[in-house]
Structures are given as structure tokens and as C-alpha cells.
Amino acid sequence: MKLAIDAMGGDHAPDEIVKGSVQAAKTNPDLHLILVGDSLRIRPLLAAESLPNVSLVHTTEVIGAEDEPVKAVRRKKDASLTVAAQMVKDGQVDGFVSAGNTGALMAAGLLLMGRIEGIERPALASVLPTFSSNGVLVLDLGANMDADPAHLLQYAVMGNLYAKYVLSIDRPRVGLLSVGTEAGKGNKLTKESFELLSGRSFDFVGNVEARDILYGVCDVVVCDGFVGNVMLKLMEGMGLGMFNALKDVFMANTVSKLAALALKPQLKQFKKRFDYLEYGGAPLLGVDGLCIKAHGSSNARALEVAISQARQFLLHGVLDQIRLGAGEDKG
């Protein structure tokens with residue numbers, strides 16, 4: 001299995017990207033990782049390592065956070081992200097991982113790799129932490145701000161397959177994000193989507209409310225990209241705020257500091273459970289190739305997890321499963 005890694009994408013590129021890639025290569029000897037980026041900056045970071053399953057492809061351009069996504073992909077032909085996506089299109093690698101510009105990654109996926117036949121709009125999917133389970137897969141998290149019921153059905157089909165084969169859930173429970181659990185609750189989109197998702201081959205559990213998602217009412221949540229992205233940002237903000245508030249409480253005085261010291265192992269486990277760095281990246285499901293978006297502030301550990309996630313995707317043939325599933329459960 002070969003993966004292209006956008007070594008120049010992300011807030012901590014290339015240092016943390018290379019470090020995470022090296023660790024992933026050591027952990028998974030069946031992977032061949034190709035670091036795509038400026039060799040003058042990457043090669044010194046590899047000087048202490050001599051791994052047979054890590055190689056380098058030199059590029060001269062970088063797509064930054066300030067670049068307009070579509071224009072950047074079309075004009076910066078030698079950018080690390082663009083070259084990595086083109087390598088997937090040309091069959092040189094089985095997929096690519098990037099912590100770079102999200103819009104550019106989606107543009108590269110659509111313009112260079114194309115959509116799977118039967119999928120109208122690809123969706124960004126990611127596992128979000130919950131209180132009572134190993135997390136919940138949510139899609140779409142922002143690939144498309146608007147959607148119609150047919151798109152949400154496609155998200156449900158893809159999310160169900162991803163949860164089954166990558167997250168190892170035998171029969172994923174699929175929920176539709178709405179403002180109430182009753183079938184008649186919600187706006188025009190959710191009401192029509194409820195009818196379209198009912199009676200399918202996957203386990204549709206009906207409408208789910210945002211507050212209940214954190215308690216494991218379902219394994220997969222589908223929604224339009226606007227709602228999904230708002231929910232994602234709110235959860236990220238709440239998580240950071242919660243950890244900062246706990247820190248303030250434990251650092252308030254000597255007694256609370258001693259309590260924090262006594263609880264240090266448990267606090268570390270709590271932080272790890274809700275740390276986005278432990279949940280890998282967000283696959284762009286629906287494009288005709290493996291494309292995973294790692295968090296922009298990914299450190300080496302987060303990048304390693306994203307690469308392992310890509311490996312699972314390939315091992316279980318998820319792309320072929322989606323190709324097959326795209327022709328089923330149509331409205």
C-alpha cells in the first residue's frame with residue numbers, strides 16, 4: 001500500500017508531518033509513504049532515519065491557508081497538495097493525507113480525482129468524541145453548505161460503510177440530526193430526508209438531537225455541511241473551554257494542586273478521550289480515491305493516527321464498498 005503525504009500542509013509542517021510519517025512507517029511496515037514537498041526542508045528531517053518504506057518527491061510550491069482553493073489547485077501545479085492528489089489520480093499511490101488548506105483538498109479531490117459514479121456530492125466525515133462510546137461519525141462537516149434529501153441519503157450510505165469497515169461496527173446505527181426525535185420535527189430538508197432514509201438496508205434509527213449524540217444514541221450522524229460545521233466548531237470550542245476551566249480550578253490553590261497531582265493519571269486519560277489528535281483525520285467520502293484531511297494543527301501523533309486511518313481504509317476496501325453502495329439504496 002502506498003500513500004502520498006503532503007509534507008508542506010498544516011501549521012507545523014514539515015517538521016511534525018515528517019516526524020509523524022516516520023513513526024507511522026515504523027509502526028506499519030506494509031505501508032510505503034511518499035513525502036511530497038520541498039526536499040531541501042524535508043531531507044534534513046530524515047537524516048537520522050533510514051527507512052526502506054519512506055521516500056521523497058520534490059515540489060516547489062505550497063498552497064497556503066490564504067490561497068483561494070480552486071484557483072490554487074488550478075494554478076499551483078507543483079504544490080505539494082496538488083501533486084499528492086495527482087499521484088492518486090495517476091495510480092502512483094493508493095491515497096493521500098494532508099493537514100493543509102481544507103478547501104484546496106476538497107477542490108483537488110473533485111477536480112483531479114473526480115466523484116464516484118452515483119455520488120453527487122462528496123462529504124467530509126470525522127469521528128467526534130462522545131461520553132458513552134468510542135465516538136460518533138458525523139458527515140457532512142463542511143464540504144457542502146447546502147444539501148438536499150438525496151445527498152443526505154448518499155451520506156448515510158457512505159457513513160454506514162465507513163463505520164462498518166473502518167470503525168469495525170457490525171451494524172452501525174444511522175441517525176438524522178434534527179431539532180426533535182419525532183418524525184415530523186425539523187425543517188423541510190430533515191422532514192423529507194427522514195422519509196427517504198426510512199426502510200433502507202442500513203439501520204436508520206430516526207431523528208437524533210445534538211445533545212443526545214454525546215451519549216451514544218447512534219454511530220453515524222448525517223446532516224448538511226453548514227449544520228455539521230457549526231456543530232464541529234461548537235464542540236471544539238466547548239472542549240477547549242472545558243479543559244481550560246478545569247486547569248483554572250486545579251491551579252487555584254495548594255489543596256487543589258495536590259488534588260490535581262493525585263488525579264494526574266485519570267486526568268490524562270480524560271484529556272486523551274476528548275483530544276481530536278487521537279481521532280485521526282476526516283476522509284472526503286465520495287471522491288474516486290482515498291483522500292484524508294488531517295487537522296490543520298496536527299502534531300506528529302495526530303498525523304500518525306491519520307495515516308493509520310488511511311491504512312484501515314485501504315485494508316478493508318472501503319472505496320470499492322462505496323462504489324458498490326452508491327448504486328444501492330437509491331431514492
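In helix H9, Met242, Phe243, Leu246 and Phe250 meet Leu267, Phe270 and Lys271 of helix H11, where contact means heavy atoms within 4.5 Å. The model is a predicted one: local features need pLDDT of at least 70, side-chain atom pairs count only at pLDDT 80 or more, and totals for chains, interfaces and linings use all residues. Residues are numbered from 1 along each chain as its sequence is written, and side-chain values use heavy atoms, with hydrogens and water left out. Helices (H or I, at least four residues) and strands (E, at least two) are DSSP runs, numbered from the N terminus.

**H9 and H11**

- The contact of H9 with H11 divides into 6 nonpolar residues, no polar ones and 1 charged; Ala, Val, Leu, Ile, Met, Phe, Trp, Tyr, Cys and Pro count as nonpolar, Asp, Glu, Lys and Arg as charged, and the others, Gly among them, as polar.
- H9 (residues 225-250) packs with H11 at an angle of about 165°, and the axes are 12 Å apart; axes are lines fitted to C-alpha atoms, for helices over the stretch in contact, and angles run from 0 to 180 degrees between N-to-C directions.
- H9 and H11 are therefore roughly antiparallel to each other (under 35 degrees is roughly parallel, over 145 roughly antiparallel, 65 to 115 roughly perpendicular and the rest oblique).
- H9 and H11 cross in a left-handed way; a crossing is left-handed if the near helix is turned anticlockwise from the far one by less than a right angle, and right-handed if clockwise.

**H10 and H11**

- Helix H10 (residues 254-262) and H11 (residues 264-273) have axes that come within 5 Å and cross at roughly 70°.
- That angle makes H10 roughly perpendicular to H11.
- Ala260, Leu261 and Ala262 of H10 make the contact with Lys264, Pro265, Gln266 and Leu267 of H11.
- By class, this contact of H10 with H11 holds 5 nonpolar, 1 polar and 1 charged residues.

**H1 and H12**

- Helix H1 (residues 15-27) packs against helix H12 (residues 300-315) at about 45°, with the axes 7 Å apart.
- That angle makes H1 oblique to H12.
- The crossing of H1 past H12 is right-handed.
- On the H1 side the contact is made by Glu16, Ile17, Lys19, Gly20, Ser21, Gln23, Ala24 and Thr27, and on the H12 side by Ala300, Leu303, Glu304 and Ile307.
- The contact of H1 with H12 has 5 nonpolar, 4 polar and 3 charged residues.

**Domains**

- The domain assignment of the protein chain gives domain 1 (2-117 + 286-317) and domain 2 (124-242), with bounds that come from an automatic or database domain assignment.
- The centres of domain 1 and domain 2, taken over C-alpha atoms, are separated by 27 Å.
- In the interface, 9 residues of domain 1 are in contact with 8 residues of domain 2.
- Between them, domain 1 and domain 2 bury about 680 Å², 66% of it on carbon and sulfur atoms; buried area is the accessible area (1.4 Å probe) that two parts lose on being put together, summed over both.

**Backbone geometry in loops**

- Ala13 and Pro14 are joined by a cis peptide bond with omega about -5°, and Pro14 lies in the loop between strand E1 (2-6) and H1.
- A cis peptide bond with omega near 15° runs from Leu139 to Asp140, and Asp140 is placed in the loop between strand E6 (136-139) and helix H6 (149-165).
- Ser168, a residue other than glycine, has a positive phi near 60° and sits in the loop between H6 and strand E7 (173-177).
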